[in-house]
Amino acid sequence: MTVFSTCHKVIGKQYIALSLFSVFIGIFLSLVMRYHLVHPDTKVKLFQLLWPDGAPGGQMTPELYLSLMTMHGTIMVFFVLTTTPQSGFGNYFLPLQIGAPDMAFPVLNMLSFWTTALSLLTLLAAFFVEGGAPLSGWTAYPPLSGLGKITGPGQGLGQDLWILSIALFCVASLMAAINFIVTIIELRAPGMGYFDMPLTCWGWFVTALISLFAFAVLLPGGVLLLLDRLAGTSFFIPGGLIVNDQVQTRSGGSPLLFQHLFWFFGHPEVYIAILPGMGLISTVLSVFSGKRVFGYKAMAIAMLAIGGLGFVVWGHHMFISGMSPYSSIAFSVLTLAVGVPSAVKTFNWLATLWGGRLRFTAAMHYALGFVSLFITGGITGLVLGQPGLDVYFHDTYFVVAHFHLIMGVAAVFAIFAGLHYWFPIMYGRFLNEQLGKLHFFLTFAGVYALFVPLHFAGFVGNPRRYPDFKEYEFLKSVMPLHIGVTHAAYFLAAVQLLFLFNYLWSKRRGALAPANPWGAATREWRND
Amino acid sequence: MSAHRNPPGLKTLGMWLFVLSDMLTFSTLLVVYSALRFANPAWPRPFSLNPGILFATIMTIVLLASSLTMVWAVDAIKRDQRKRTVQWLGATILGGAAFIALHLMEWCHLLTVENITPASNPWNVPLFGAVFFGVTGLHMAHVAAGLVYLSVLAAGVSRGTFCVEDVETGGLYWHFVDVVWMFVFPLVYLMAVKP
């Protein structure tokens with residue numbers, strides 16, 4: 001049976017296919033949002049067709065905008081950024097790279113994938129139930145997410161499904177994390193020590209360790225939120241709330257408590273998205289520079305350090321949530337400390353390139369793009385990590401630009417690099433190199449055209465999660481900028497079709513690849 | 001399936017990792033409990049020593065006894081006494097089932113007689129019931145899952161398909177569930193004794 005296959009290669013490809021499906025839904029939702037931001041009063045037939053209740057007569061309601069935002073974030077974070085770099089590439093290449101016959105628990109592996117697929121279906125189902133998708137963002141802060149229908153149309157069944165989907169995703173990720181860690185600890189080839197593993201394996205290893213602890217906290221957080229909604233408890237609901245002119249009877253709970261639980265997961269989640277990419281980029285840069293990775297051991301330790309620090313910085317998401325300034329300072333210092341191992345990685349990447357015989361393949365382009373995005377996105381992290389600045393920038397487009405660059409696009413560039421690099425193993429053919437490079441340059445330009453201006457919108461104080469700006473005098477000045485950004489988004493989305501075409505076409509018709517075409521030294525190229 | 005070519009210890013390590021992660025899940029609930037208790041100074045302490053705590057103590061003894069029988073089950077499989085292993089596993093299942101039965105009796109008593117529910121109670125600190133049923137409910141779910149797990153294990157041992165490591169791994173899970181109770185009992189029960 002190939003559908004419920006227990007082979008790690010098939011499961012890896014299944015994860016990648018699931019992401020590819022998800023990413024286009026996510027892109028579509030972002031385009032609808034960008035369109036609405038610059039044409040807030042235009043009635044669109046398509047919107048009415050897709051969301052009859054959310055866009056009566058084609059006019060998008062604010063609630064629909066928020067639900068699109070929620071689904072865009074959730075789909076992209078969980079089903080694209082968490083799925084492909086770790087579960088997709090990891091399943092396929094980890095056993096090959098460490099010389100293991102398969103993952104440690106093949107049946108558990110199959111279950112992880114299908115639980116993830118079920119989780120995605122549950123999430124998408126929220127679009128089709130009464131009231132539609134939830135409005136509370138990918139962070140689902142209570143009380144908005146804890147009180148049910150009274151807080152908005154999507155806050156009924158839609159929010160229940162959202163929580164259920166996330167709980168399922170937690171279970172799937174925990175199973176996968178156990179599988180990855182056991183495989184790495186127990187199934188390395190004889191004689192291969194931890195510091196003999198390729199850095200890609202270090203990326204997957206640290207990510208699995210993070211997943212094991214982070215999802216274990218999100219899971220009970222989600223369950224308690226569900227109890228608040230379904231069993232009438234008030235873990236996260238404070239007393240004295242008045243919602244839509246109705247006094248709420250719950251009392252005693254703390255919305256801040258949910259934020260703590262969520263971000264204890266949420267910040268490590270950022271590293272879950274980026275660490276596998278870091279490992280992969282190290283490998284790609286080294287292969288196409290014809291040199292070993294500079295400072296291999298420091299690179300591995302830096303990943304461990306980033307993973308460890310990731311668990312003690314969650315408070316920087318809550319500087320304005322009502323936290324003691326003393327805690328803010330502690331969280332701020334720890335946050336800025338993440339800059340140290342990040343800088344170690346960046347300088348080692350540059351040192352790997354230094355004096356090398358560079359081969360500018362498509363994969364190498366994406367790897368260099370990753371380094372660029374990691375720097376531009378990371379620098380603004382140092383800005384937001386300081387309470388004094390964050391008080392101003394919090395919940396503005398500056399934050400949107402920051403996390404899209406570092407967490408979103410950088411990780412996606414790693415995915416592109418990985419697909420170009422490993423395509424010969426996965427399908428025996430090359431992805432078209434010329435088309436790949438063209439796609440790289442257009443995407444690279446599109447990404448910066450889209451996200452750099454959003455920083456400036458943040459300077460002006462432009463809040464995020466607002467469905468339109470026309471009511472606000474002070475935002476009139478940024479409208480031209482938003483129009484430009486929306487056009488960049490159209491351009492960027494259109495360019496991705498190039499990649500989709502390349503992927504589907506090269507799978508069948510691409511140039512046949514010889515064994516080890518890049519001259520790499522790692523084990524996965526030795527097989528066959 | 002492919003267990004024979006894997007080095008021994010895979011399943012044990014896997015279970016340890018699960019225990020580690022599940023430990024964090026329970027810790028999360030206990031942290032939630034402590035945060036909410038601090039935030040609500042009028043936290044009720046409704047349990048009387050007799051019958052409340054006495055009853056919970058009996059439950060504790062039953063659960064601990066089932067850990068002992070589990071130790072004997074592991075000991076038996078190590079000596080390759082399969083029949084004896086199945087018997088001890090059966091005793092463990094019985095202990096777990098008795099714990100759940102007693103626990104449900106207690107829940108019914110609290111819900112119907114003392115009017116403590118997840119959403120309300122006589123002292124108007126609704127979170128007391130939410131925490132009580134939340135923490136003990138999650139633990140009870142683990143015991144229930146353990147019963148299924150041990151049953152599968154017993155069936156596999158009697159058919160001869162499971163080996164020493166499988167039983168040891170099951171033991172690890174079962175002892176973990178017991179250890180969790182050793183935190184739940186003082187924090188949720190003893191700290192709510194009538195002053």
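Student: Which residues does Gly418(A) touch, not counting residues up to four places away in sequence?

Tutor: This is a predicted model, and what follows is read from that model. Leaving out residues up to four places away in sequence, Gly418(A) touches Phe89(A) and Leu280(A). Gly418(A) belongs to helix 14 of chain A, which covers residues 397–427. Gly418(A) has 29 C-beta neighbours inside 10 Å, and a residue is called buried at 20 or more, so Gly418(A) counts as buried.

Other helices of chain A can be described in a similar way. Helix 3 of chain A, residues 62–81, has 20 residues, which at 1.5 Å a residue should span 28 Å; its end C-alpha atoms are 27 Å apart, in agreement with that figure. Of those 20 residues, 18 are buried, so helix 3 of chain A is largely enclosed by the rest of the structure.

Next comes a pair of helices. Helix 12 (residues 362–384) and helix 15 (residues 433–460) of chain A have axes that come within 9 Å and cross at roughly 10°. An angle under 35 degrees counts as roughly parallel, and therefore helix 12 and helix 15 of chain A are described that way. On the helix 12 side of chain A, the residues that meet helix 15 are Ala362(A), His365(A), Tyr366(A), Gly369(A) and Thr380(A). Their counterparts in helix 15 of chain A include Glu433(A), Gly436(A), Phe440(A) and His455(A). Sorted by class, this contact between helix 12 and helix 15 of chain A has four nonpolar, five polar and two charged residues.

Beyond chain A there is the other chain. In chain B, 29 residues are in contact with 30 residues of chain A. On the chain B side, helix 1 (10–39) and helix 4 (127–159) are the elements that give two or more residues. Helix 1 of chain B supplies the largest share, 16 residues. The classes on this side of chain B are 18 nonpolar, nine polar and two charged residues.

Last, the confidence scores. The model has an ipTM of 0.92 and a pTM of 0.95. The average pLDDT of chain B is 92, with 96% of its residues scoring at least 70. Over residues 1–5 of chain B, pLDDT stays under 50, and the model has three contacts for them beyond four places in sequence.

Technical notes:
Residues numbered from 1 in each chain as written. Chains lettered and ligands numbered in written order. Predicted model: local features only at pLDDT ≥ 70, side-chain atom pairs only at ≥ 80, totals over all residues. Contact = placed C-beta atoms within 7 Å. Helix = DSSP H or I, 4+ residues; strand = E, 2+ residues; numbered from the N terminus. Nonpolar A, V, L, I, M, F, W, Y, C, P; charged D, E, K, R; others polar. Axes fitted to C-alpha atoms, helices over the stretch in contact; angles between N-to-C directions. Parallel < 35°, antiparallel > 145°, perpendicular 65-115°, else oblique. pLDDT = per-residue confidence, 0-100. Expected span 1.5 Å × (residues − 1). Buried ≥ 20, exposed ≤ 12 C-beta atoms within 10 Å, placed from the backbone.
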